[in-house]
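I opened my notebook beside the viewer and wrote down what I looked up, one stop at a time. Here are the entries, in the order I made them.

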Amino acid sequence: MSFFARFAQNRGALVGLIILLMIIAMAILAPLLFPESPWRMVQRPFLPPLSQDGFPLGTDTMGRNVAAGLMHGAWVSLLIGLVSTSVALLIGVPLGAIAGYYGGLIDDILMRFTEFFQTIPNFALAIVLVAIMQPSVTSIVLAIALVSWPPVARLVRAEFMSLRNREYVEAARLVGQTNTTIILRQILPNTLSPIIVLASLMVATAILLESSLSFLGLGDPNVMSWGYMIGAARTVIRQAWWLSFFPGVAILLTVLALNLVGEGLDDALNPKLSRER
Amino acid sequence: MSDIATETVLSIRQLSVALPKGADRALAVEDVSYDVKRGEIMCVVGESGSGKSMAANTVMGLLPKGVRPVQGEVIFEGQNLITLTEKQHRALRGLKIGMIFQEPMTALNPLMRVGAQIAEVFEAHGKLTPKQRQARALELLIEVGIPQPEKAISAYPFELSGGQRQRVVIAMALALEPVLLIADEPTTALDVTTQAQILELIRDLQRRRGMAVMFITHDFGVVAEIANRVCVMRHGQIVEIGEASEVLGNPQNEYTQALIAAIPSNAVPPHREANTTTPLLDIKRLNKVFRSRGGWFKPSREVRALDDVSLTLARGETVGIVGGSGSGKSTLGRCVVRLEHPDDGELLLDGVNLSQLKGDALRRERHRVQMIFQDPYASLNPRTRVGMAIAQGPIANGTPKAQALKQAGELLDMVGLGASSVERYPHEFSGGQRQRIGIARALALNPELIVADEAVSALDVSIQAQVLELLEELKQRLSLSLLFITHDLRVAAQICDRIVVMQHGRIVEQGSAEQIFLHPREAYTRSLLEAIPGRSASVAATA
């Protein structure tokens with residue numbers, strides 16, 4: 001059975017994938033459908049949804065097109081979620097793997113280092129980092145990655161600790177495999193399931209974290225993001241519900257889709273589950 | 001009470017139990033009928049997957065989800081148990097029917113004192129006052145023969161040994177004086193000497209109380225030891241049923257005959273010797289102490305796993321290391337393959353001292369000593385294809401990948417699995433097949449010495465015999481030297497030239513297999529020999 005067929009056996013994962021593809025399509029099509037900058041004021045402010053042709057989701061406090069903002073924002077939100085999660089995994093997985101596999105002094109040093117990051121509240125650290133580096137897409141991605149890797153390291157460490165004394169790992173050691181090979185070929189593939197689940201949640205958290213940063217006015221001033229849209233609409237939530245509702249739904253759907261896809265990936269990557277079903 | 005032996009306690013009639021869709025067969029148990037009578041021990045024997053436990057679970061109303069009886073009845077005291085509601089069933093469990101489980105550690109609540117757990121049985125059925133419950137618990141502990149029962153009653157399960165825990169489980173099952181006792185592989189998790197004691201206890205209690213016992217096991221040795229009547233099952237069906245002496249002494253069915261023939265024989269092993277006397281492995285005064293780090297308020301603990309162990313093994317020789325749990329036999333094996341670092345002593349393999357090698361130097365020598373692991377399920381990486389699992393060793397030692405995979409195919413062929421298995425994942429194989437894969441992996445590096453740590457203990461008897469045969473054949477063909485670690489003297493007798501008996505980290509006795517069996521010098525060796533289940537029965541049969 002092909003990888004995709006195994007993946008598609010999980011209905012939820014398929015739905016998630018479709019939603020995700022639609023969001024990606026939105027991001028790609030945005031410049032074609034709305035060639036103008038989403039920041040441009042194009043109509044009178046507070047236009048409710050469906051009240052005028054060309055503005056299906058209405059306009060915001062400054063008369064900007066909400067539909068255009070939503071589509072342009074998809075790109076930034078997805079980019080920030082995926083890139084910051086990848087960076088966090090790149091830091092957390094090797095650290096956790098080394099700490100869990102070798103144990104002892106190495107483990108102590110690496111874990112104290114990890115705890116140093118964990119003692120500072122995530123969000124506070126992210127705010128400080130963005131404020132120091134000046135708000136831009138790069139600095140936001142970096143800040144989110146730096147605050148979200150410790151849980152990855154701890155998870156991977158725990159998995160490695162429980163797997164490193166399995167008989168098949170001992171067998172690999174016996175045939176003379178190097179530590180690097182054992183870590184990469186024997187143990188890491190068996191830790192993939194929890195890592196994938198955690199990563200799909202982290203993408204979601206990253207999108208939300210970016211929203212929170214933009215909400216506080218620490219977003220990149222040059223790009224439209226869903227978080228910024230919600231943040232800007234907070235003062236008028238009672239007069240113009242649609243300004244925060246549509247970007248909110250977009251975030252919700254993205255997060256949901258990512259979780260479903262993560263679960264499907266986990267099923268498809270597990271050779272045992274895939275053949276028994 | 002006049003004719004005790006004929007009163008039927010439990011009667012199973014044409015019982016069929018269906019498995020959920022997608023299982024490997026439609027019915028777990030098919031058209032099974034048997035009786036269990038007062039004052040007898042009925043043994044239900046079969047290999048894994050034979051459905052032997054399913055009938056017992058139906059009686060207890062403890063069938064797994066999705067598994068349900070579809071035909072027949074189970075009559076206990078005039079009631080059909082299949083039609084009972086969950087609530088009625090619960091009232092019966094413990095009160096009229098007691099059950100002993102396989103794994104005493106998981107059958108007990110680790111956070112509850114032993115006395116409280118026994119008292120809980122009375123509480124569940126609303127009997128006695130709390131004070132009386134404690135008193136009864138103590139009486140029961142005395143009855144099942146726990147040493148220092150006054151202390152044991154306030155102990156936690158982890159403070160007791162495996163055999164003592166199983167005694168507690170038995171005490172709980174007996175608490176309300178059930179009419180029927182169901183024992184599901186109660187001695188499988190115990191070592192030989194403890195097993196003999198528990199079997200004796202069950203037999204003794206059964207006689208004293210006149211209970212009916214339904215005893216489920218896979219071990220014909222145990223059957224010979226304890227059964228009045230035997231029911232042999234295979235693929236969910238009864239293949240043979242009858243008096244124990246008849247089924248064991250004169251089996252009619254082919255399958256039963258094969259199973260009995262597959263029991264590692266108790267006959268004295270033939271005299272055999274290694275072809276050479278050139279020493280391959282020379283162990284000199286090896287020591288290993290395990291220390292658990294103490295905390296602020298607890299002292300550190302020391303366990304002497306190996307105490308001045310010296311041993312030689314000639315090229316082409318098979319040496320068996322035999323001992324109960326905690327004897328240090330596994331630690332010795334793990335030191336030889338250097339998964340464990342010995343504290344001091346020498347480990348000379350053909351003149352090279354392996355005991356002090358480290359890092360890359362050790363890694364380069366590793367291919368010379370390989371290991372076959374105990375658990376065929378845990379020793380293969382679930383995400384690695386079988387061919388790759390075998391080829392990994394040669395690849396790590398510099399063989400090109402394509403060539404290593406080709407060799408893996410040849411090795412799989414040699415252990416009788418067919419070269420096409422290369423592309424499959426471990427979970428597609430049965431336990432016995434996986435153990436063959438483990439053997440192929442150990443052979444891939446052309447080792448000079450193979451350490452087999454309880455390599456057949458986790459397998460069914462007939463599979464065990466096949467794997468032992470394969471090992472023997474490979475040994476002849478490739479002139480291997482083997483260090484065979486086992487708790488089972490019967491298995492050791494089948495394959496070993498020499499046997500080394502260990503206890504508390506020390507070598508108690510060593511000699512040829514023949515000598516150990518016929519003229520054991522040490523008391524411990526004799527107790528191991530006497531504990532072999534079914535020994536007296538078959539000795540009587542051969543005499």
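**Entry 1: a valine in chain B**

I started at V74(B), which sits in strand β4, residues 68-76 of chain B. I kept in mind that this is a predicted model. Is V74(B) buried or exposed? I found 20 C-beta neighbours inside 10 Å, so V74(B) counts as buried. The cut-off for buried is 20 or more, so this count meets it.

Next I asked which residues V74(B) is in contact with, leaving aside neighbours within four places in sequence. I noted I12(B), L15(B), T58(B) and V59(B), and then N80(B), L81(B) and I82(B).

I also checked V74(B) against A493(B), which is 419 residues away in sequence. Their C-alpha atoms are 43 Å apart in space.

**Entry 2: the core of chain B**

I then looked up the largest nonpolar core, which has 230 residues. Which members touch the most others? I wrote down C43(B) and V223(B). At least three residues of this core come from domain 1 of chain B, and at least three from domain 2 of chain B.

**Entry 3: chain B as a whole**

I stepped back and noted that chain B has 21 helices and 20 strands. The domain assignment gives domain 1 as 102-175, while domain 2 is made of 279-293 + 301-542. The centres of these two domains of chain B, taken over C-alpha atoms, are separated by 38 Å.

How does the radius of gyration of chain B fit a compact globule, and what are the numbers? With 543 residues, such a globule would be near 24 Å, and I have 25 Å for chain B, so the two agree. The C-alpha trace of chain B spans about 70 × 55 × 50 Å along its principal axes.

I noted that 47% of the 543 residues in chain B are buried. Of the contacts in chain B with a separation of 6 or more, 70% are between residues 24 or more positions apart.

**Entry 4: over to chain A**

I picked L253(A), in helix α10, residues 242-269 of chain A. L253(A) has 15 C-beta neighbours inside 10 Å and therefore counts as partly exposed.

Residues 195-219 of chain A are 84% helix and 0% strand, with end C-alpha atoms 28 Å apart. Residues 240-261 of chain A are 91% helix and 0% strand, and their end C-alpha atoms lie 33 Å apart.

**Entry 5: where the chains touch**

My last stop was the contact between the chains, which takes 17 residues from chain A and 23 residues from chain B. Which elements of chain A give two or more residues to the side that touches chain B? I listed α7 (167-174), α8 (179-215) and α11 (271-276). The largest share of this side, seven residues, comes from α7(A). By class, the side of chain A that touches chain B has seven nonpolar, five polar and five charged residues.

Note on methods: Residues numbered from 1 in each chain as written. Chains lettered and ligands numbered in written order. Predicted model: local features only at pLDDT ≥ 70, side-chain atom pairs only at ≥ 80, totals over all residues. Contact = placed C-beta atoms within 7 Å. Helix = DSSP H or I, 4+ residues; strand = E, 2+ residues; numbered from the N terminus. Nonpolar A, V, L, I, M, F, W, Y, C, P; charged D, E, K, R; others polar. Core = buried A, V, L, I, M, F, W, Y, C linked by C-beta atoms within 7 Å. Buried ≥ 20, exposed ≤ 12 C-beta atoms within 10 Å, placed from the backbone. Domains from an automatic or database assignment. Rg over C-alpha atoms; globule rule 2.2 N^0.38 Å.
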